[in-house]
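This briefing concerns a pocket and one of the strands that lines it. Please keep the sequence and the coordinates at hand while reading.

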Amino acid sequence: MTAAQVTLLGVRHHGPGSARAVAAALAALQPDVVLVEGPPEADELTALAAEKDMVPPVALLAHVSDDPARAAFWPFAEFSPEWVALRHAAAAGVPVRFIDLPAGQSLALGRRGAESDADPDAESDAESDAESDPGSETGSDSGATFGADGASEEQEEGSGVPGGTSGPAPAPVDPIAELAAAAGHPDPEAWWEDVIEHRAPGDDPLAPFAALAEAMAVLREHHPVERRDEIREAAMRQQIRAARRAGHRTIAVVCGAWHVPALAVMPTVAHDRALLAELPKKLRTELTWVPWTHRRLSQHTGYGAGIDSPGWYHHLYTTPEQPIARWMTKVAELLRAEDHPVSSAHVIEAIRLADALAVMRGRPLPGLTETLDAVRAVMCDGSDIALALVHERLVVGDALGEVPDGAPAVPLQRDLTRLQRALRLKPEATSRELVLDLRKDLDAERSRLLHRLRLLGLHWGRPVRDSVQSTGTFRETWRLEWEPEYSVRLVEAGQWGTTVLGAATGKAVSDAATAELTALTELAEHCLLAALPDALPEVMRRLADRAALDTDAGHLATALPALVRTLRYGDVRATDTSALTAVAVGLAERLCVALPAACTGLDADGASARRTEIDAVHQAIALLADTAIGERWAGTLAALAAREPHGGPATGVPGLLRGRAVRLLLDDGRIDTAEAGRRLGLVLSIASGPLDAAGWVEGLVSGGGAMLLHDPALLGLLDTWLCGVPAETFTDLLPILRRTFSSLETGVRHTIGSRVAAGPLNTSVLEKGPDAELDAERADATTPVLALLLGVRRPVIPRQSDRRAG
């Protein structure tokens, strides 16, 4: 019987040149089985790659069945050689198998060099072959590639690539950098582009694989191989043996080029079994296809793939003819859409400049560097801002893949997909703004869905401030951006329910059992916004219990505004908030009792934080619209304003809070400006310390200084006090004064400055008072201007001296 021919096609993961070469090699070989580096548990999912609804970039997702947070992804782009192999096998009707370590064992390995949930004595689940190894494969055409990238795309959230089981990990090898250095090229990526990515397949499609196979073998001789790689390669060899035993005669293996030398000449079966015996017990996992994005491919951490320019690679792979000219056309189209003046002449000149730069730099074709340099100089007028737009939209790109409905999915994922279609909310990788009018049924349902997902930890939509500053509660503005990691979050959230509504309800009830008062108020707000009627009673019960036991005024002051804020949604959302109102009133009553004591003896930072809380509570009580509570709150503010530190700072309320209480009473009409002026005069007297007085002024003035313009007496008192502050104390007051007056409106500051600069005019107003005699001569000076404004004939006004003479 003819020996099986095994052809090793080493690739660089996500390399368009490797992808083209693999396509040409597979077309020439016509293998009867294709083996691809990846988790074997995904073999049943390979058929989905042929469906028209499967649009890359996509990724294989594997997660531990009873711990979905432990997950790994294997990304595939249209320009990934492994994806090309999957498509070829589907089109040719030949089987395709994944041959890397099982995902269950990769996840059990955990971080590099450490095991998690591992049983060192457990038997490996890798195939145990009873037959002896037939020896090295004399009929194998070894090759190594173009992509000398030996790193697997498996990554666990928050960790590196799953590690080996023993010994310190050697320093990672960058094969591309090593080969570029050997070629005398300082830039590994530029060298790779010149040698591989811009190269078209020649007459012998296997030649480049064989040429670089020797280079990989030399590199492995001079660099230690990680134990993890040795174990993975043992698993790959076992899968190749299994394909030969299954009767396949022409076997194509698509794997990272770094592994090719280890697969070309096989050791004995016993050797590989010994390596695989070091693996921990395989965890039970579930796998599926999920959408991926070019942006995630560009990330070097987390679930990324470390491809700096996936959009550029996609263009090179899908546009083999005149790639530079067509790229420049895309750039021009993008810049024109952003109102940049780019003409056809710009495109032509940019192409010429890119070609010229490539010649000057000794490159066969313009690479990404030359292309971007030409775009910056010709189309962006040297602006890095416009070039950053090109990099974000085209070099990286915002493509989001799609998976068919037949892909395995948890029930929660299917319910979300149904809701997305029903509500016409398509997931997109690009960030976009969505404005909702809650008076409309469709927009109200969209809002509820986004709030429920936020409760589950899926921040697909994030609330933003309304760009038009709408004050109505019927309007919401969201920023939507779908991230691939949400697929894992959906699996995790499946423990709470099989629908979005059910899962959000279960999550809210569970969180309420352990949440503190502040968190409970936020949770109650989320339940109202997300319309969770089954969760709200339990949350309200927990909230009432916590509120009755919590004696911390800070917690009460933080919780009350959140509770009252949720009441504003009752009218638009038709939500029953009567229970919430009762809890809010109870919180307000207890806060009125606890606040004065909680404001005593605070330092500067504590007083500033407490002032923010008092402002928020004041607004909340105004929205609560309860007359009795309003009167009680006014009494609390009056008590705060009167608690002066007669026995030192620790015995009274800081000046910042006393001044703020006076300002809130003044704004509510509880006191008039005369009373405020009287209290200001007392504070600015010699009996008060300068720092305490400055804090009092800050509390009074912050939030609006128009009162100083309308009441010259207040401004005069403040001016007189500042002029009398000793020089050594004035320096200490400067930060407080600067902070106070910098918060005022620009026009108010200018007017106050001009009035103070007038000096005698301000003083004269204070001395003469409202009953002072009118200065007729100054009044006459305004008559011509008034006549012009009113459009009347200018009257003849006798001069003051003429009046006296008459």
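Between which domains does the second largest pocket lie? Domain 1 (5–292) and domain 3 (411–501), with bounds from an automatic or database domain assignment, both give residues to its lining, so the pocket lies between them. The model is predicted, so local features need pLDDT of at least 70 and side-chain atom pairs count only at pLDDT 80 or more, while totals for chains, interfaces and linings use all residues. Residues are numbered from 1 along each chain as its sequence is written, and side-chain values use heavy atoms, with hydrogens and water left out.

**Pocket**
- A pocket here is an open set of points on a 1 Å grid over the protein atoms alone, where a 1.4 Å probe fits, with protein on both sides within 12 Å along at least five of seven lines; lining residues have an atom within 4 Å of a point.
- The second largest pocket is lined by 32 residues, of which Pro 291, Val 403, Asp 405, Gln 413 and Thr 417 lie nearest its centre.
- β7 gives the most to this lining, with 6 residues; strands are DSSP runs (E, at least two residues), numbered from the N terminus.

**Strand β3**
- In β3, 7 of 7 residues are buried, meaning under 20% relative accessible area with a 1.4 Å probe and protein chains only.
- Val 58, Leu 60, Ala 62 and Val 64 point one way, whereas Ala 59, Leu 61 and His 63 point the other way.
- Strands pair if DSSP finds at least two bridges between them; β3 pairs antiparallel with β7 over 7 bridges, and His 63 has Glu 286 as its bridge partner there.
- 7 bridges also join β3 to the antiparallel strand β4 (residues 67–76), where His 63 stands opposite Ala 71.

Definitions and conventions. Helices (H or I, at least four residues) and strands (E, at least two) are DSSP runs, numbered from the N terminus. Buried means under 20% relative accessible area, exposed over 50%, partly exposed in between (1.4 Å probe, protein chains only).
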